[in-house]
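Visitor: I would like to learn how to read a few features of this structure. Could you take me through them one at a time?

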Amino acid sequence: MSKLEEIDEGFYSRQLYVLGREAMQRMGEANILIAGMRGLGVEVAHNVILSGVKSVTVQDEGPVLWENLSSQFFLRKADLGQNRAECSLPRLSSLNPRVQVSAYTGPLQEDMLMQYQVVVLTDSTLEEQKRLGNHCHSHGIRFIVVDTRGLCGQLFCDFGEEFTVLDKDGETPMTVMIDYITKGAPGMVTCMEDENHGFPEECKVSFSEVRGMTELNTMGPQEIKIISGHSFAIGDTSGFSEYGRGGIATEVKQPCTLKFKPLEEALLDPELLVWTDYGKIARHQTLHLAFQGLHMFVQKEQRLPRPTSQADAAGLLELVRGLNASAQLQNLDEDVVLLLARTARGDLAPLNAFMGGLAAQEVLKACSGKFTPLQQWLYFDALECLPTDVDNKEEQLSESTFSSNGSRYDGQIAVFGSKFQERLGKLKYFLVGAGAIGCELLKNFALMGLGAGEGGHITVTDMDSIERSNLNRQFLFRSQDIGKMKSSVAAEAVGEMNPRMNITAHQNRLDPDSEGVYDKRFFRDLDGVVAALDNVEARVYLDSLCVLHQKPMLEGGTLGSKGHTLVVVPHLTESYGPHKSSSEGAIPLCTLKNFPHRIEHTLQWARDQFEGLFKQVPENVNLFLRDAGFIERTLGRGEAEALEVLEGVFGALRDRGAQGHRPSHWEDCVRWARYQWESLFSNEIQQLLHCFPADQLTSSGLPFWSGTKRCPQPLTFDPHKEAHMQYIVAAANLYAHIYGIAGTRDCAAIRETLNDTPMPSFVPSSKPSAMPIMEEDQDTEISDDGEFWVAVSACISLHASKACEPFKMECFPVLLGKARLEQLKEELCSPSLKGPAMQMHPVEFEKDDDSNFHMDYIVAASNLRAENYNIPPADRLQSKRIAGRIIPAIATTTAAVAGLMCLELYKLVQGHKEIGSYRSAYFNLAMDHFVLSIPSSPLSFTVAGREYTLWDDFPVEGRCDGQQEMTLEGLLIHMKEKYNLQVSSLYYGSAVLYSATSKHEDRLKQSVSDVVRLVTRSDIPQHKHILEIFASFVEDEDCETVPPIRYLLQ
């Protein structure tokens, strides 16, 4: 990958949204050496190879040992005794054929390092780190050390005397629209009332489109001083022209230069520690010395401390105390030193995944200049995973409990013991999602042996198939798997990693429709649930099932370089919780229709056009053809909406000669596309300017076109302009598709058809007398008044689209009246419009297929509309992200999230009862920002003087010992006798089952299930085992939150 255009967007698309083209181009020129191919080394390597550097060399002198299989996922039993680097090479190479991967089995020497831009050491001695670190520092080679020992990890970076960071955080530069700028020293800039600038401190901005004080438009980036969220100060503007109106301020990213110390020098500087957990500052300061002491112990004893040896632990502690004589730590945490000695022989897949993800991200920073690198030490521990209560201390201290026994889990047994490993193998877990995080989790499960023992089992479900864009971060998949189901391929892949895995793959979407599969019996047998989902709604639904069935849940997600994890423990922590709907980020209707001012607005408009023209209209036509009640139901949706739907159906069914636009052949599709172009990008704009001229003033005498309302300009079609033809080609082919007509990309042939397509001059309609001119203080009203702008836009669009026909519009309400609806109703009853031949083919938007014209249409339509409104255009990649609502993703973050989730899994298996043992996490690898916190306890509420939480319920068995089902009256008596609560009303969803104030006596003698059927007017699905019923109680009528009655049907 030596040229920008050679970046494979199909493969790297999600990562490109994180790093950008320029950063990836620099990465494509980098050669990386990764030393050590145990579990940690392969974690770093697989993330770096997926990222798309030029080459990776993996180095290791050692043979494959049994203990390596506990964390090295690219080694197999057949590899025992062979070189680790050479055995890892074939599988590493298959991750990304664009990256050259080679193996080196000799010792590391200074001269060989000169061919690399970045050197990473794992599993190395301190002397080797110092020697090679000094060489790299003096020769400008970026140097990284990463190490894990048991439940503790260490990371170090040295990027030389001067390292330039081109983009500190990777965030999109902030832009804000300006309301006013004062003349003064300094000048004060005020943003539009509804805009918070979001500029960081020590920021520079550039100005554009400022009227009046135009000097700002030609100046370079200006330093600002934040005054408030809506204002900031700039330099001296006293000599500038008076501010007129408008203007945009845009953040300008500034490069910065960082200086690093070599490792030998940095060892003595405790100020260089970056905290991963602010509750563990003293612990991580101690670990800085403890890792050095561990190197000294190994050098002396030629081995790591034994897990059960008190003498070894005491020896390490003595070495650390000696180091502290110079370091002078005030709070040396000696317990941490002893625990490090106890676990140092361990090699854990989850910790390697987390630390490997972090180290790989530092590699990418080193060779791209993107994001802020670590300065310079980072320590992490998950010692809370160890048992908190020991029932059998002799067992825990027995050397045989932790000793190697020729098992693939030896590296894990060294930390937790053989009994824990047996327990882990017997567990049953449910994984929802086999995408990026799901693949990493399954890999960790296989290495850990989760569900791989007698009676254990993993169930994974994912309803998606593998696409090419998945291969960059969903590392269990290869190009030959494209089109296959994710869950099946992932299950097969981890089965190869660990043949003892007991795993079943499903292809079900997790929603109410799958409750027959994932029912009470299914959840009853589970030990826990893991969510690897990419949307909030699915997480909320899964969370509700975990609360219902009282099961723990692990949840994690990513957004570019940011990641989060959450652990949910019944009766101990809060749950994920219900989805809180928010309108934040929603684009007002009037902005989309008439007043766009950002590229996001034009892209959403283009997406709406796509959905309306190529999906909704064909779907409505097909509904009309098969459903006799379609017209009447549509008329019940309101006048404006009914008119839009029925006009669309009528036009799609009628031939061009009969007031419609149904094509007969390909040339008709080209002509339709040309008319659409003229209507959308010329006629509609001319009509809007006719209604609201460029010099229009409000009744207050202020310009109508000001602030966020950008005055548009119509476009003139030019068949020789690429953007114009892109729209025609895409629109014509999509239009042909929905009618079953073959299309073409032959631009020469299309231009011939365009030359034969007459385009009458546009004559604007009279300005509607009912069209109000909005005052400058009515912006909020404009944004909220959706019906008004639907009407305005409908009449503008209708007139623009009818430009080829004699047409007059004196007042738009006439066009939207009942007369036209009645006319359409009558015309649509014509038998000639019915029949199988009229069936259409709706289009489902698919952003990742470059051959289907979908993104071609979106990009062209959006950029043409942006040109109308003088908005900077977006390239295809940016347009795909915004219009396709793509979540930026990168393998490093995914690996780190999965690692943290599995560390919490250890705690669930241990059965920790203290909430302080668990951690929820948020991190941003771009800035090395970490927040690990104790989860929140569940909120409590009181009912009739007794406290409850979301985990509490009132369980009721509908049938006891095979007897008849409980009646509604029996349920009321049961609640009084067992819980001393008198029910005043019962609800099933929104339906009222019972109310003491209503005449429901006849329901009391009916069974509960019969009453549910009665009030819901529907049967209870056979798979439904539990009815969730909510009650109001006489003892506490005002209580807003009560535990549900969970009524067991069978």
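Guide: A residue is buried under 20% relative accessible area, exposed over 50%, and partly exposed in between, with a 1.4 Å probe and protein chains only. By that rule R919 is buried, because its relative accessible area is 11%. Before going on, note that this is a predicted model, where local features need pLDDT of at least 70 and side-chain atom pairs count only at pLDDT 80 or more, while totals for chains, interfaces and linings use all residues. Residues are numbered from 1 along each chain as its sequence is written, and side-chain values use heavy atoms, with hydrogens and water left out.

Visitor: Which residue does the side chain of R919 meet in a salt bridge?

Guide: The general idea is that a salt bridge puts a side-chain nitrogen of Lys or Arg within 4 Å of a carboxyl oxygen of Asp or Glu. Here the partner of R919 is D277, at 3.2 Å from N to O. This pair links distant parts of the chain, 642 residues apart: R919 is in the loop between α33 (891-910) and β24 (920-924), and D277 is in the loop between β16 (273-274) and α8 (281-301). For those element names, helices (H or I, at least four residues) and strands (E, at least two) are DSSP runs, numbered from the N terminus. D277 also counts as buried, because its relative accessible area is 6%.

Visitor: How many salt bridges does the rule give?

Guide: The count is 57. One of them joins R38 and E67, with 3.7 Å from N to O. R38 sits in the loop between β1 (31-35) and α3 (39-51), while E67 sits in the loop between β2 (55-59) and α4 (84-93), so the pair links distant parts of the chain, 29 residues apart. R38 is partly exposed at 25% relative accessible area, and E67 is partly exposed at 31%.

Visitor: Are D511 and R509 buried or partly exposed?

Guide: D511 counts as buried, at 19% relative accessibility, whereas R509 is partly exposed, at 49%. Their side chains meet in a salt bridge of 4.0 Å, N to O. Elsewhere, salt bridges that share partners join D277, K280, R283, D381, E384 and R919 into one network.

Visitor: How do I check the length of a helix such as α11?

Guide: The expected span is 1.5 Å times one less than the number of residues. Helix α11 (residues 349-368) has 20 residues and should span 28 Å, and its end C-alpha atoms are 28 Å apart, which agrees. α11 is mostly covered, with 20 of its 20 residues buried. After α11 comes G369, which has a positive phi, near 75°.

Visitor: What classes of residue line the largest cavity?

Guide: Ala, Val, Leu, Ile, Met, Phe, Trp, Tyr, Cys and Pro count as nonpolar, Asp, Glu, Lys and Arg as charged, and the others, Gly among them, as polar. The lining of the largest cavity has six nonpolar, three polar and seven charged residues.

Visitor: And what lines the second largest cavity?

Guide: That cavity holds about 40 Å³ of space, and its lining is L126, Q129, Q154, L267, F291, Q292, H295 and W377. The lining divides into four nonpolar, four polar and no charged residues. α8 gives the largest share, three residues.

Methods:
1 Å grid on protein atoms, 1.4 Å probe; cavity = no way out; pocket = protein on both sides within 12 Å on 5 of 7 lines; lining within 4 Å. Points joined across faces, edges and corners; volume = space filled by probe spheres on them.
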